[in-house]
Amino acid sequence: LKEVNTVTDPRIEDATGRAKEAVGALTGNDDLKASGEADQAAAKVHKTVDEVADAAKGAIDSIKDALT
């Protein structure tokens with residue numbers, strides 16, 4: 001299991017963004033809604049970066065295994 005870092009975990013960032021967007025929409029607070037949308041976009045970027053890093057690590061490990 002991966003350790004969950006609440007500051008950068010994309011799942012938490014996405015959930016926070018969804019909550020902000022919903023509250024902003026319900027209260028008519030466009031700034032809060034936009035902040036929530038931005039949090040969700042950032043979560044997608046972080047998730048992609050994490051996936052690329054994991055893939056790179058896997059490729060490096062495969063190369064190391066092939067060389068040993």
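User: What is the handedness of the crossing of α1 and α2?

Analyst: A crossing is left-handed if the near helix is turned anticlockwise from the far one by less than a right angle, and right-handed if clockwise. In this predicted model, the crossing of α1 and α2 is left-handed. Local features need pLDDT of at least 70, side-chain atom pairs count only at pLDDT 80 or more, and totals for chains, interfaces and linings use all residues. Side-chain values use heavy atoms, without hydrogens and water, and residues are numbered from 1 along each chain as its sequence is written.

User: How many helices and strands does the protein have?

Analyst: Helices (H or I, at least four residues) and strands (E, at least two) are DSSP runs, numbered from the N terminus. The protein has two helices and zero strands.

User: At what angle do α1 and α2 pack?

Analyst: Axes are lines fitted to C-alpha atoms, for helices over the stretch in contact; angles run from 0 to 180 degrees between N-to-C directions. Helix α1 covers residues 10-27 and helix α2 residues 30-67. Their packing angle is about 165°, with the axes 7 Å apart. Angles over 145 degrees count as roughly antiparallel. The two helices are therefore roughly antiparallel to each other.

User: Which residues of α1 meet α2?

Analyst: Contact means heavy atoms within 4.5 Å. On the α1 side, the residues include Glu-13, Thr-16, Gly-17 and Lys-20. Their partners in α2 include Gly-36, Asp-39, Gln-40 and Ala-43. The residues of this contact divide into six nonpolar, seven polar and 10 charged. Here Ala, Val, Leu, Ile, Met, Phe, Trp, Tyr, Cys and Pro count as nonpolar, Asp, Glu, Lys and Arg as charged, and the others, Gly among them, as polar.

User: Which residues in α2 are buried?

Analyst: Buried means under 20% relative accessible area, exposed over 50%, partly exposed in between (1.4 Å probe, protein chains only). In α2, Gly-36, Asp-39, Gln-40 and Ala-43 are buried. Their cover includes α1. Asp-39 counts as buried because its relative accessibility is 18%. Leaving out residues up to four places away in sequence, Asp-39 touches Glu-13, Thr-16, Gly-17 and Lys-20. Across the protein, buried residues make up 15% of the 68 residues.

User: Is Ala-22 buried or partly exposed?

Analyst: Ala-22 lies in helix α1. It counts as partly exposed, because its relative accessibility is 38%. Its C-alpha atom is 6.9 Å from that of Lys-33, 11 residues apart along the chain.

Key: Angles under 35 degrees count as roughly parallel, over 145 as roughly antiparallel, 65 to 115 as roughly perpendicular and the rest as oblique.
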